[in-house]
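Colleague: I am new to this structure and would like to understand the words used for it. Could you take me through them with care?

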2 protein chains.
Amino acid sequence: MRFDVTILGSSSATPIFNRNPTAQILNINERLFLIDCGEGTQQQLLRYGIKSQRINQIFISHLHGDHYLGLVGLLSSLHLNGRVKPMSIFGPPELKEILDIQFKYSQTELRYPINFQATHTESSELIFENNDVMVETIILEHRIPCTGFKFTQKKRLRKIIREKVEALNIPLDMIPLIKRGMDYTDSKGLVYLSADLTTDPDEPKTYAYCSDTICNWKYLDQIKGADTLYHESTFMHDMLQRAEDTFHTTSLQAAEVALRAEAKQLLLGHFSARYRELEPMLLEARSLFPNSKLAIEGHTFEI
Amino acid sequence: MRFDVTILGSSSATPIFNRNPTAQILNINERLFLIDCGEGTQQQLLRYGIKSQRINQIFISHLHGDHYLGLVGLLSSLHLNGRVKPMSIFGPPELKEILDIQFKYSQTELRYPINFQATHTESSELIFENNDVMVETIILEHRIPCTGFKFTQKKRLRKIIREKVEALNIPLDMIPLIKRGMDYTDSKGLVYLSADLTTDPDEPKTYAYCSDTICNWKYLDQIKGADTLYHESTFMHDMLQRAEDTFHTTSLQAAEVALRAEAKQLLLGHFSARYRELEPMLLEARSLFPNSKLAIEGHTFEI
């Protein structure tokens, strides 16, 4: 099952020419989830050939402009391009008001319904679930209320060994039951164990997205064992004081979070405009957590 | 005196990869005025090396997203980059509410004051004036309240003929008076006419910006004789019905407006995403008004 993330923006609030503010597309089994939606996200989707009409869920971490200012434009364009199927939006309660006022004054009546679900910062909540994935909020600590999002794949059914099933001529309607663990008895009364006809399913994987946060360690439990951790890395560690003053994280801290959370892969993003070259930041993170990567525009990472 | 316009965006509401939504920078005597501010305008300013801190006046024509969604991001970035000098914003009254709510929820207290001045659509008003220019609204007709903007240079003083003034050793403090038309009498009582010591000043020029409008001819008087007319040209003339239904203009109509207004130069913009190639649109306009040009991203036009 496909499970990967494509980076649409890697910059923090102050703009820099060749970077865009935060946005990511998560592809889970060919369903697209948009995480944050900085200004220019719809242009980035066009740039990378990602069909925005395939997005059905949007997750907004907090109400700093570099994480949501592209949302009204994207929603308007979906409307102009004929969308009728609903869009679910998860974000801080006030986001609804911000959207409503802008659609009101532009006299835009969207042709499709928006299902808005407010997120909260008291404690982690399960906010979305389908056959493939569960999404929970991660409680972060920033200058304003902010949540991350944890995407956990659901355990899949066992995988059929096609050759065995074909050799035994097992009826098609038995397959889903065998996948679920039922043994198969043929017309002569011979029993074939499900375990022999199938292999173990893929282990469910987890993507944890920590957008803007001071490194307070409190969210460590919530991201424990994430296969891929995206963590903001606004500054390098010589700017620790500035990071703390602005409720941000350094690359070394992000690496320590990944290490202590026992993550398998760390994606660094939300880079301050002061860093034109990002290699030193990457090396700093790798000194502590070797499987660190730069979450740069246009790159796709398998979870 | 410098008077030119640089195009930052040429697309209409539906996005297209290589075009940006509407925004223009007017340079009047090295002062920068921003006209409309579609999503991504701050990135476009970076792209073309235009220092956004030099902008002191912003004019927003109406509240369709492709004309203002870049504003909150731009204002926030100016704040983050240390701006303290005031910014004047002219636009529909509701724009203030849209800005306020977003700064409130992002807990942004701008370090610089915003002087907001509401525009109205009952009749044309003088909304700004400095030593170089007067700005008046143009009453357009769109699906929601919309104004264009007319920038009229002020008449300059007469221009000194340097060689004559130097040959006569005329004291420096006399120069401003001679420029204003006073004759000069030297120590021997000889009179030199201001007209002989100076040449005529440049004729004041006019830039008329007509963002989104149905071609109703009512605004013709307000743009009469504009040196440069920017006029929306969302569709070609075979789509006249669609243009009228959506309160937009065709390229042929824009050319007829320029012709009847006796403009000297026509800039076409706000192109529908359906037109990947714009040459046919340009040719259509030129068939009626030869000095038509495409207002494409990055191009600068002298008024």
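Modeller: Let us start with a term: a residue is buried under 20% relative accessible area, exposed over 50%, and partly exposed in between, with a 1.4 Å probe and protein chains only. This is a predicted model, in which local features need pLDDT of at least 70 and side-chain atom pairs count only at pLDDT 80 or more, while totals for chains, interfaces and linings use all residues. Residues are numbered from 1 along each chain as its sequence is written, chains are lettered from A and ligands numbered from 1 in the order in which they are written, and side-chain values use heavy atoms, without hydrogens and water.

Colleague: Why is A:His62 called buried?

Modeller: The relative accessibility of A:His62 is 0%, and the limit is under 20%, so A:His62 counts as buried.

Colleague: What makes A:Asp212 buried or exposed?

Modeller: A:Asp212 has a relative accessible area of 2%, which is again set against the limit of under 20%, and therefore A:Asp212 is buried.

Colleague: Which residues does UniProt list for "binding site"?

Modeller: The unreviewed UniProt entry lists A:His62, A:His64, A:His142 and A:Asp212; they are spread over 151 residues of sequence, yet they cluster in space, with a largest C-alpha distance of 10.2 Å. UniProt positions are given in the numbering used here, feature names are shortened, and such annotations may be inferred rather than shown by experiment.

Colleague: With which residues is A:His62 in contact?

Modeller: Contact means heavy atoms within 4.5 Å, and, leaving aside neighbours within four places in sequence, A:His62 is in contact with residues including A:Asp36, A:His67, A:His142 and A:Asp212. Counted in that way, the contacts of A:Asp212 include A:His62, A:His67, A:His142 and A:His270.

Colleague: What makes the pair of A:Asp212 and A:His67 a polar contact?

Modeller: A polar contact is a pair of N or O atoms within 3.5 Å, where within protein one must be able to donate a hydrogen and the other to accept it, and residues adjacent in sequence count only if both atoms are side-chain atoms. The side chains of A:Asp212 and A:His67 make such a contact at 3.1 Å.
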